[in-house]
Each structure stands twice: as C-alpha cells, then as structure tokens.
Amino acid sequence: MALVSLVQYRLIAASLVSFLAWCVLESGLRAPFGSYWNPALVEYWFAGLVWIVTALWLLRSIIVYVRRKVRKSVPGIPPAITRSRGASTWIIGLVVYVAATSPFLTLIDPNVQGNLVTTRLLPPLSTGYVREYLDPGSPGPEVAGRVHRAFTEANHYLLHRTVLLSGTPPVDPPAARPPAGAAIREYRAVFLFGTDDNARDVFCRVVAGTRVSLGIGISAALGALLIGGAVGFAAGMSGVVLDGVLMRLTDLFLAIPGLFLVIGILAFVGQSITTIVVVLSLSGWMGIARVVRGEVVTLREREFILAARLLRVSTWKIITRHLLPNLRPVIATAAVLQFANAVLGEASLGFLGLGIQPPTATWGNMMGEATGYLASAWWVGVFPGLLLAVVLVAAHSLGANLAVEGNPERAGR
Amino acid sequence: MTLVKFLTRRVLHAIPMIFGLVTLVFFLSRLLPGDPASLYVVPGIPPRVAEQLRSQFGLDHSLWDQYLAWLSSTLRGELGYSFAHGAPVRDVLLHVFPNTLLLGGTALVLECLLAVVLAALAVRSVGSWFDRALSRMTLVVYSLPSFWVGILFLSIFSFSFRVLPSSQMHSAGGEQLGLAASFGDLLKHLALPALTVATPGIAALAAYLRTSMTETMRQDYVVAAVGMGLSRGRVFRSYILPNSVGPVISVLGVEAGVLLTGVLVSETLFAWPGMGRLAVMAIFSRDYPVILGCTLSGGVLIVGANILADFLRAWIDPRIRLT
C-alpha cells in the first residue's frame with residue numbers, strides 16, 4: 001500500500017479543500033450552509049493543517065539554510081552556532097509527524113478486512129490491487145455556489161470512500177460489490193510490510209497504531225509529570241515531616257512491580273484509552289518525584305536563592321523565576337524517559353492482551369496478535385516492534401543527551 | 001557484628017514497606033468498582049444466596065473490619081481461595097514460584113556472567129573499537145522491548161532454524177526421559193526465555209561495570225600492581241574486578257523490577273508456567289485473589305531483592321556498613 005499511499009494527493013487535496021471551504025463558510029463570507037458536519041472530518045482537517053505547517057516549515061528551513069550559505073561568504077561574520085541533539089530528535093519528530101498525519105498515510109481503513117482468499121498473510125513487498133470507489137448514494141445537499149459545491153464534494157470523498165485490497169486482480173470479495181453507478185478507481189499497490197491474518201495491510205495498521213501508541217505515551221508521560229512534579233516539589237519545599245511522608249509513599253509505590261500494579265488495577269476497572277493513560281501515569285510518577293525533590297532540595301540551599309530571599313523577593317516569584325527554570329533540564333530528561341516508559345508500558349499491555357482491544361491497532365496488540373502465527377508470518381510482529389524499538393532507542397538517547405546538556409559535568413562519563 | 005546490625009536495620013526498614021504494600025493492595029481492591037462476590041452474583045440468583053455469598057467473602061463487615069481481617073490473614077500467609085484453580089492462592093503461588101525463580105535466577109546469572117565478560121573485553125583497551133561499539137550498543141539494547149526481542153528470538157531460533165523449542169518447560173512426553181536427558185530438555189526450553197529476560201540487563205550491567213572498572217583502573221593500587229609486574233589477568237582478577245562490582249550490585253537491586261517485568265512478558269510469550277503467566281491468566285478469568293496475591297508477592301520479591309543487594313554490597317565492601 002505504502003508506495004501508493006505515501007502520495008495520497010487526492011486525500012490531501014480533499015482534506016485541504018474541505019478545511020478551507022469550512023473556514024470560508026464559517027467566517028460568514030458566503031451564505032450559511034446546512035449541516036454537513038461530521039466529527040470524522042476533524043481528523044482530516046487536523047492532518048491537513050499539520051501538512052501545511054510542515055510544508056511551510058520545510059520551506060523556511062530551506063530559506064534559512066540558503067541564506068546562511070550566502071551569508072557565510074561574507075568575511076567577518078561568524079556562522080551561527082547551532083546545537084544538535086543528533087538523529088534522535090529527528091526520529092521522534094518524524095514518528096510524531098506520522099502519527100499526526102496518519103489519515104493521509106492510511107489509504108484504507110486499517111480495521112477493514114481485505115479479500116481473505118487472496119490477501120491473507122502476504123509477505124512484505126508483495127504487490128496487490130486496490131479498488132477505490134465512491135458511494136453514489138448520498139451526494140449531499142444540492143447546492144449552488146463554488147465553495148459550497150467544493151465543500152460537499154470534498155466531504156463526500158473523505159467520508160464515503162470504500163477501499164478494498166486484494167492480492168490478485170478480482171479485487172472485490174463477493175460480499176462487497178460496488179453499487180451501480182459508483183466511480184471506481186483500481187490500481188496496483190505494494191504491501192510494504194505485508195498483510196496480516198485478517199487480510200489487512202500491516203503498514204496501514206502500524207501507521208494507525210502509531211497515533212494510538214504515541215498518544216497514550218505522551219498523555220501518560222504528562223500525567224506522570226504532573227503527579228511526580230507536584231509530589232516532588234511539595235516534598236522538596238516542605239519540612240521534614242511532610243517530606244518524609246511523601247517520600248515513604250514514593251518508596252512504597254516503587255516497591256510494587258510496575259506492570260503488576262498496572263495489571264492489577266486494569267483487572268478491576270477495565271481497559272479503555274482513558275483508564276490505561278491514568279493507570280500508566282499512576283505507575284510512573286515515582287522516578288520523577290524523586291528527581292524533582294532531589295533537585296529542589298539542593299537548589300533551595302543555593303546562594304542565588306538566598307540572595308533573592310535577602311532582597312525580599314516574594315516566595316511565589318522565587319519559585320517561578322528562580323526554582324522552576326532551573327528545574328527545566330531535569331524535568332525534560334525525566335519526561336522524555338517517562339515517555340519511553342509509558343510507550344513501552346502500553347505496548348507491553350497490548351502485547352499481553354490487556355491493553356487497547358482489537359480491532360483498534362496499537363503496536364503492542366499487533367505484536368500480541370502476531371505471536372499466534374509467528375511461525376508462518378514473521379512480518380506482522382516484527383514491523384510494529386521495529387518501530388517501537390526505534391522510538392524507544394531514540395527517546396532514551398534523547399534523554400541521555402538532555403541529561404548531559406542540563407549537567408555538563410557529566411558529559412565526560 | 002556490624003554486619004548483623006546493618007542487616008537488622010535494613011530489614012526493620014523493610015517492614016513498614018511491606019505493611020504499606022499490603023494496605024495499598026487491600027484498598028486498591030476495595031476502592032475500585034466491582035467486588036469479588038459480584039462475579040458469582042448472577043442476575044437470576046435469589047437475594048438470600050447473594051447475601052450469603054457476600055458474607056462468605058466478608059463483604060458485610062465494615063471496611064475497617066475487613067481490613068483487619070485481610071491484614072491478619074495475609075500476615076499468616078493466607079491469601080484467599082482461587083475458584084479458577086480450585087485451590088488456596090498460597091498453594092497456587094507456591095506451585096508456580098519455583099519455575100519463576102528458575103527463569104529469573106538463570107537470567108540473573110546470565111546477566112552477570114555476560115556483563116562481566118563484555119565489560120572486561122571493553123576495558124582491556126579503553127577506547128578501542130570494541131569499547132566504543134559496546135558503549136553505543138548498550139543504550140540501544142537496553143531500550144529494546146523485551147517481548148520484541150523474544151519475538152525475534154522465536155522467529156530466528158525456533159521457526160527459521162528450528163534449533164530451540166518455542167514454548168513450555170518440557171517436551172511432550174518429557175516425563176519418560178532419564179534424569180540427564182530431561183535436564184538437557186529443560187535447559188533447551190530455558191534458553192530462549194532466559195535470554196529474552198536477560199538481554200536488557202546484560203546491556204545495563206555491562207555499561208555500569210565498564211564505567212566502574214575504568215574508574216578503578218585509575219586507582220593507585222592498580223597502577224602499583226601493574227608496576228610491580230603482575231600479569232594482566234592477575235591484576236584484573238584480584239584488583240580491578242573485586243573493587244568494581246560494589247556499585248553495580250546496588251544497580252542489581254533496582255534492576256530486579258525490570259527483571260520481574262521481563263519475566264512476566266517472557267513467561268507469557270514462551271508459555272512458561274510461572275507467576276507472570278499465572279497473573280495474566282488470572283486477569284482473563286477474573287480471578288481476583290490470584291491477581292492480588294501475585295501483586296503482593298511481586299512487591300515482596302522486589303523489597304527482598306533490594307535487601308539482598310544491600311547485604312551483598314555490605315558483605316563485599318565493609319566500609320558501607322558504617323554509613
């Protein structure tokens with residue numbers, strides 16, 4: 001699928017048209033419009049926005065680069081000092097981009113089965129066929145005006161597309177023949193990562209899973225940051241008693257084996273995205289709390305805080321101006337590492353069958369499903385794992401780089 | 001004498017931890033929606049029977065009384081009754097515990113041995129290609145998710161080359177083998193799960209050991225030993241290695257948690273009949289007493305591992321006992 005779907009210009013164009021037309025209509029430039037609102041559209045609009053922003057950003061980077069090259073030729077002006085965190089930032093950025101624009105990368109619905117007879121468990125890079133048709137049934141309200149018509153048509157394309165895939169030419173499974181009068185497009189495609197047990201394209205599922213897995217990872221890391229930061233900060237700022245109580249509580253949570261705790265809670269509350277995020281946050285805040293507390297305790301004895309206090313700077317201002325900015329490197333490092341832990345935790349849960357339930361794809365549950373037929377199809381489990389491994393390695397090395405940046409004395413070790 | 005004192009202090013420190021753990025697990029199980037009895041209270045059941053079921057689980061007492069009852073029974077080692085297994089939870093846990101211990105222990109030994117070998121090879125010549133490659137690889141290997149490593153091992157060793165079995169502890173019909181043959185069979189089944197569990201630990205330990213060793217090698221006594229003409233092997237064995245393992249042992253205590261998570265995943269992947277697999281199966285069958293028992297014993301294991309690490313460290317390096 002991939003080679004075709006990476007340049008889904010129709011999809012991108014339809015999304016952009018839909019979004020722009022919506023903006024025009026909503027801004028009142030044209031006559032008000034009946035309801036063609038559909039929450040599924042928002043996903044496409046968001047992806048379109050990300051796409052535009054990325055394009056503009058790329059353009060800007062090119063301009064900056066060219067300018068710098070040109071300016072370099074002028075003697076006397078030293079080149080700007082740029083700081084690089086290596087490939088890890090780029091890798092994470094790319095994966096986040098994939099997650100944000102995943103509707104453009106998944107031509108077909110990642111949960112819809114293909115032709116089970118011809119498309120099951122095809123190895124990576126095998127070629128197949130895609131049939132795409134527009135359901136003529138509901139063309140939307142009959143309207144006049146260019147903007148209105150563009151909006152309706154784009155939305156119709158985005159929402160009423162049916163895409164089927166097959167390993168060999170007769171694409172449609174007998175159950176799903178296109179309705180009479182449907183506009184059919186049929187073309188060859190490459191299943192970059194192969195297909196799975198249910199004749200679904202693994203590439204599409206990996207891309208769709210990226211969104212879920214990263215979303216959970218980022219939310220859970222933020223949640224852990226919130227809890228851990230609050231506990232650590234409170235412990236560091238307060239007296240012996242509260243400090244002792246909070247730190248014993250942290251030790252207590254640390255003693256519980258993380259995954260056991262998560263599984264224990266999930267067994268009672270059931271699995272949904274929200275509960276998984278909450279549970280992963282609850283099981284991951286201890287490290288952050290310890291680090292933040294340690295940093296606050298050393299920082300508050302430093303001379304510049306003492307100086308600020310002698311100058312009668314208010315406590316609030318000392319915290320916001322002097323303490324928090326100095327905590328930033330530590331918190332950034334801890335947050336990145338916690339992000340890696342949360343992504344791994346979600347994947348582990350999915351792998352064990354306790355995370356997000358299929359058919360929704362996440363990296364973890366894809367791997368879990370794949371273990372059932374690992375002997376005949378290695379690609380279903382290996383590719384999501386590869387992406388997961390790349391993200392984890394990138395996050396860990398980014399964390400290591402951030403740690404060195406925040407504390408240059410450690411750089412030599 | 002000081003060692004005994006040190007150890008007593010550590011164990012005394014651990015008691016409130018275990019106590020807190022028991023409390024936490026109890027309130028976890030009571031505060032969250034759904035109680036153990038609701039599993040057996042089906043809609044058509046007469047209210048009298050439902051009431052009897054609830055009182056059988058002790059749910060008709062106040063929360064405080066329930067807590068005290070749970071505390072006293074847990075401290076006596078009674079963790080409730082598993083309906084899925086038809087046996088007390090304690091017996092179920094004791095039945096699978098040796099298998100988990102075997103897997104975890106093998107992985108730990110593997111970790112230590114391989115880490116020492118790798119770190120020794122790296123510090124033979126600091127800055128060599130092997131040293132640099134190891135430094136780069138440790139972060140990568142440490143980051144790899146263990147179940148993915150397991151999937152790779154399975155695809156390569158079990159399904160592509162068919163050299164090692166993919167699941168269970170024994171081959172089918174393994175009971176009829178002789179003692180030596182069945183031991184070999186067990187080792188074969190142990191190889192992949194243990195390696196899967198050990199992989200991240202090998203990387204972490206090798207990295208820590210390497211750092212620790214390079215620091216030790218700068219010490220005066222090592223320089224003196226080399227200057228006196230001792231052989232490289234002798235210097236390494238008698239001076240560098242013993243003085244480098246101290247900090248690494250306390251890392252081992254922390255790594256116990258990672259190891260346990262790895263065991264949980266690896267047991268599920270390789271169908272190893274241990275505690276991790278038991279916990280996962282218990283969730284699918286909603287066997288709450290077993291889930292709580294597993295959480296509790298996992299916590300006790302981690303606390304115990306930390307005490308053991310402290311003990312080893314203090315035993316190796318007497319200076320630590322004074323602090």
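How many residues does the contact take from chain A and from chain B? The views below start there.

**View 1. Where chain A meets chain B.** The contact takes 37 residues from chain A and 38 residues from chain B; two residues are in contact if their C-beta atoms, placed from the backbone, lie within 7 Å. This is a predicted model, with local features needing pLDDT of at least 70 and side-chain atom pairs counting only at pLDDT 80 or more, while totals for chains, interfaces and linings use all residues. Residues are numbered from 1 along each chain as its sequence is written, and chains are lettered from A in the order in which they are written. On the side of chain A that touches chain B, α9 (240–255), α10 (258–269), α14 (315–352) and α16 (379–406) of chain A each give two or more residues. Helices here are DSSP runs of H or I with at least four residues, and strands are runs of E with at least two, numbered from the N terminus.

**View 2. The open sheet of chain A.** Its 3 strands sit in the order β2-β1-β3, with antiparallel pairing; strands pair if DSSP finds at least two bridges between them. At the edges are β2 (161–166) and β3 (183–191) of chain A, each pairing on one side only.

**View 3. β1 beside β2 in chain A.** Strand β1 (residues 126–134) of chain A pairs with β2(A) over 6 bridges, in the antiparallel sense. Look for Val130(A): its bridge partner in β2(A) is Leu165(A).

**View 4. Chain B by itself.** Chain B has 11 helices and 2 strands. Its elements run α-α-α-β-β-α-α-α-α-α-α-α-α from the N terminus on. The C-alpha atoms of chain B fill a box of roughly 85 × 55 × 40 Å, taken along the principal axes.
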